[in-house]
Amino acid sequence: MRKKAADTELSMEDIARTLGISITTVSRALSGKGRISTATRKRVLEYAETVQYSPNKFARALSGSRTFNIGVVIPGDAKMEEMSFFQDCLQGITEEGARNDYDILLIYTWGEDIRQLRKVISSGKVDGVIITRAVREDPAVCLLEETGLPYVVIGSKNEKKIIQGCCEMTGSLLDRGIKRLALIGGDIRHEVTISRYKGFKKAFWQRGLRPQEDIVLLKTLNREMAEEAVEYAVRGKAEGILCMDDCICRYVFQKLDRSSCRVPGDIKLASFYDNSLLVHHNPSITAIHFCDEERGRYECLELINRMEGRDFKSVPEVNYEIRFRESTDNY
């Protein structure tokens, strides 16, 4: 004898739990949308028929609201040197999305120009959005807030870890007696720049010291500005240079090398962000390492949990590792 859905008050979660599959898979089977194997779809529909759960009624409830697509916003104005970060994050996002039966849709924005994002949202092509660069007063975030579409911003959960890592690296140099530390980089509109600067200052504060503001050189956005900053730091008798990111760090090293300023003999050099080029550099560059693939995976999982109404507090933070190498002479 068949059970009646009305009597048992079955939900999508109940069906998923009974069949041992994800809620998303049940959604796709019942709605007829999205990629799913024929065998799994048949299994879900047969069970729904057994309990007199109407797939057509469920499909109507989902109509226009579930696409099983996640939009990933990539800054179209990103420098080529930054692409490894976005690629690694995207790999993690794609893997986690596939694990939960979601497809990934890339969306490009150019500063204030968010027309592509607006078009994607207005046409209902995504269930949620991942923003890969945290920017203050980001028009993309404002748009998502207005529409109420679920979203996450990569790095927003990791602010404390970023501050902690930068504080630890700065402190390690201060504790070795390197007191005149220059800081070079980056774009102060980016949240990660603010977090890194907080970590830098915190290390001085913890030791009863104050940063030498004359060699704190923010707003360094390109090669020319980085080279000018290096000249200023050297004239200011900096004993070490901390760079906001790997891109600025390579510009800084190249300028030091052309100036016959040896690393680490004449000056120590480190980066608040690591990548494979810094590992294989000669000398190798001390840097803070975050697993960006893991970061993308965790952020994607948090978004999926939000979209599906699950508890997302258990999603872990991405930890960091300070990788001491030749450029600070303490590897």
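Reader: Which element gives the most to the lining of the largest pocket?

Author: α10 does, with seven residues. Before we go on, note that this is a predicted model, where local features need pLDDT of at least 70, side-chain atom pairs count only at pLDDT 80 or more, and totals for chains, interfaces and linings use all residues. Residues are numbered from 1 along each chain as its sequence is written, and side-chain values use heavy atoms, with hydrogens and water left out. Helices (H or I, at least four residues) and strands (E, at least two) are DSSP runs, numbered from the N terminus.

Reader: How do I read "pocket" and "cavity"?

Author: Both come from a 1 Å grid over the protein atoms alone. In a cavity, a 1.4 Å probe fits at the points but cannot get out. A pocket is an open set of points with protein on both sides within 12 Å along at least five of seven lines. Lining residues have an atom within 4 Å of a point. Points are joined across faces, edges and corners, and a volume is the space filled by probe spheres set on them.

Reader: How much space lies in the largest pocket?

Author: About 880 Å³. Its lining has 42 residues, and Glu82, Arg133, His190, Val192 and Arg196 lie nearest the centre. Elements giving two or more residues to that lining are α6, α9 (159–174), α10 (191–206) and α12 (246–258).

Reader: How do the residues of that lining divide?

Author: Sort them by class. Ala, Val, Leu, Ile, Met, Phe, Trp, Tyr, Cys and Pro count as nonpolar; Asp, Glu, Lys and Arg as charged; the others, Gly among them, as polar. The lining of the largest pocket has 18 nonpolar, nine polar and 15 charged residues.

Reader: What volume has the second largest pocket?

Author: About 300 Å³. It is lined by 17 residues, with Gly111, Arg133, Val135, Asp138 and Pro139 closest to its centre. Here β1 and α8 (139–147) are the elements that give two or more residues. Its lining divides into six nonpolar, four polar and seven charged.

Reader: How many cavities of 30 Å³ or more does a search of the whole structure find?

Author: One. The largest cavity holds about 40 Å³ of space. Lys157, Asn158, Arg295, Tyr298, Glu299, Glu302, Val315, Pro316, Glu317 and Val318 line it. That lining has four nonpolar, one polar and five charged residues.

Reader: What is the reach of helix α14 from its first C-alpha to its last?

Author: The expected span is 1.5 Å times one less than the number of residues. α14 (residues 292–307) has 16 residues and reaches 23 Å, close to the expected 22 Å. Helix α4 (residues 38–50) agrees too: its 13 residues should span 18 Å, and its end C-alpha atoms are 18 Å apart.

Reader: Which residues of α14 are buried?

Author: Buried means under 20% relative accessible area, exposed over 50%, and partly exposed in between, with a 1.4 Å probe and protein chains only. In α14 the buried residues include Arg295, Tyr298, Glu299 and Glu302. Those four also line the largest cavity. What covers the buried residues of α14 includes β1 (69–75), α6 (83–99), β3 (128–131), β4 (151–153) and β9 (286–290).

Reader: How many disulfides does the structure hold?

Author: A disulfide is a covalent bond between the sulfur atoms of two cysteines. The cut-off here is a pair of cysteine sulfur atoms within 2.5 Å. This structure holds zero.

Reader: Which residues does the cis peptide bond with omega of about -5° join?

Author: Check omega at each bond. Glycine 185 and glycine 186 are joined by that cis bond. Glycine 186 sits in the loop between β5 (181–184) and α10. Another cis bond joins valine 263 and proline 264, with omega about 5°. Proline 264 is in the loop between α12 and β8 (268–271).

Reader: Where is glutamate 137 found?

Author: In the loop between β3 and α8. Glutamate 137 is exposed, at 76% relative accessibility. Lysine 219 also has a positive phi, about 60°, and is not a glycine. Lysine 219 lies in the loop between β6 (216–217) and α11 (223–235).

How values were computed:
Contact means heavy atoms within 4.5 Å.
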